[in-house]
Structures are given as C-alpha cells and as structure tokens.
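Colleague: I am new to reading protein structures. Could we walk through one together?
Modeller: Gladly. Here it is.

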Amino acid sequence: MSELNGRIGGVTQGYDLHAGWNGERLDGRIGGTFQGKDIKLTVRAGDVDGRIGGTFAGFDADGDVTPQSVSVRLGGRIDGDDVHLQISGDRVRGRYSGRIDGKTVDLHVSGDRLHGRIGGVLDGKDVNLTLNGVPTEVAALAAVCAYKALEDQQAQDASAASNSGG
C-alpha cells in the first residue's frame, strides 16, 4: 500500500494529511483526531466518488480523475465547489470553486513530492505532500479536499467567534 503524507497550510493554521492508497481507494485522515475529517475516495476507470468527513459534517466528492486532468464536484449541486485541474509534466494547475470567487491551484511534482499553493499569496495555503507511489491526480485532489476542509473549519470558527462576541 502506498502512503500520502504531508501538510496543507502553515504550522498553526493547517491540516496534516495521512492516507493509504491501494490502487483504487484512498483512505485516511485530514487534520487531527478531534478537529479534522476522514477522507475516503474510490477511483475506478477514471471515475471518482467518495466522502470527506462524516454523514452530517462533511462533503461528497464526485467526478472524473485521469493522469491528465481532474474534474470533480466537492459538496452538493447547490452548496458545493468545482475542482478543475490540468496535469502536464510536473505541473498541476487549475481552479477550485468558481471563476470569480475561486482559488488558483498551482502545484509542482519534484521527485516524490507534490508542493505548491492553493489560493493567492495572502489568503492561500501551502501544499507539501510526499507521494510515496500515490498518483499525482489523486494526491492533487486530496490536497484540494484538505484545503476545502480547512477553509470550512476556519469559516465555522470565525462565525462562532463573531456570534459569541456580543
């Protein structure tokens, strides 16, 4: 079994990502034991489906994954985000969410590492993953899933803080 390990975000505001890959299923954890989400993705003949998080506090992943591209919907049809990535050589580029309110994905493969950034210079998050045999397209999708989980948690924390402030 191959292992995907690393971090999305910084030291204080980031999530670890640890998952096993058996050639068809990516199974693991984004974040820690208490604050984080399980990740379960199944890839068969270019089709991916799965769940990040639990039944209530989570989101679905559904779409297409090939060695050249990722086109996946995270979440529901109304309250969800699109992921469109192009993979060419050692580069993974694309968008997460929409054209206007979305984030740029700019990742690089160097040896056994996938690294780069999702989002802009100020509001983005660093990606630093060790692939250990996990396909680039699966690792890139997992990185975006971790980014979404982290962004969702930060939005929830900010909302809770503003609601308790007064």
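Colleague: How many bridges join strand 8 to strand 9, and in which sense do they run?
Modeller: Six bridges join them, and the two strands run antiparallel. Strand 9 covers residues 91-96.

Colleague: Which residue in the hairpin of strand 8 and strand 9 takes a positive phi?
Modeller: Gly-89 does, with phi near 65°. This hairpin has two residues between the strands.

Colleague: What does strand 8 pair with through seven bridges?
Modeller: Strand 7, residues 69-75, in the antiparallel sense. Strand 8 itself spans residues 80-88. Gly-75 has Gly-80 in strand 8 as its bridge partner. A hairpin of four residues joins strand 7 to strand 8.

Colleague: How do I read a pair of aromatic rings?
Modeller: Such a pair is described by the distance of the centres and the angle of the planes. This structure holds one aromatic pair. Tyr-96 and Tyr-147 form it, edge-to-face, at 5.5 Å centre to centre with 80° between the planes.

Colleague: Why does the pair tie together parts that are apart in sequence?
Modeller: Tyr-96 lies in strand 9 and Tyr-147 in helix 1, so the pair links parts 51 residues apart in sequence. Both Tyr-96 and Tyr-147 are buried.

Colleague: Is Lys-103 buried or exposed?
Modeller: Buried, because its relative accessible area is 17% and the cut-off is under 20%. Lys-103 lies in strand 10, residues 103-110. The Lys-103 side chain makes a polar contact with the side chain of Asp-123, at 3.3 Å. Lys-103 also touches other residues, including Tyr-96, Tyr-147 and Glu-151.

Colleague: And what about a nonpolar core?
Modeller: In soluble globular proteins, nonpolar side chains tend to be buried together. Here the largest nonpolar core has 45 residues. Those with the most contacts inside it include Leu-4, Ile-30 and Leu-114. Helix 1, residues 136-163, gives the most to this core, with twelve residues. Ile-30 touches Cys-145, Ala-146 and Ala-149, among others.

Colleague: How far can I trust the coordinates?
Modeller: Where pLDDT is low, the predicted coordinates should not be read in detail. In this protein chain the mean pLDDT is 93, and 99% of the residues reach 70 or more.

Colleague: Which elements have the lowest and the highest mean pLDDT?
Modeller: Helix 1 has the lowest, at 90. Strand 11, residues 113-118, has the highest, at 98.

Conventions: Residues are numbered from 1 along each chain as its sequence is written. Side-chain values use heavy atoms; hydrogens and water are left out. Buried means under 20% relative accessible area, exposed over 50%, partly exposed in between (1.4 Å probe, protein chains only). A polar contact is a pair of N or O atoms within 3.5 Å; within protein, one must be able to donate a hydrogen and the other to accept it, and residues adjacent in sequence count only if both atoms are side-chain atoms. Contact means heavy atoms within 4.5 Å. A nonpolar core is a set of buried Ala, Val, Leu, Ile, Met, Phe, Trp, Tyr and Cys residues joined through side-chain atoms within 4.5 Å. Two strands pair if DSSP finds at least two bridges between them. pLDDT is the predictor's confidence in each residue, from 0 to 100. Rings of Phe, Tyr and Trp (its six-membered ring) pair if their centres lie within 6.5 Å; planes under 30 degrees apart count as stacked, over 60 as edge-to-face and the rest as tilted. Lists of a residue's contacts leave out its neighbours within four places in sequence.
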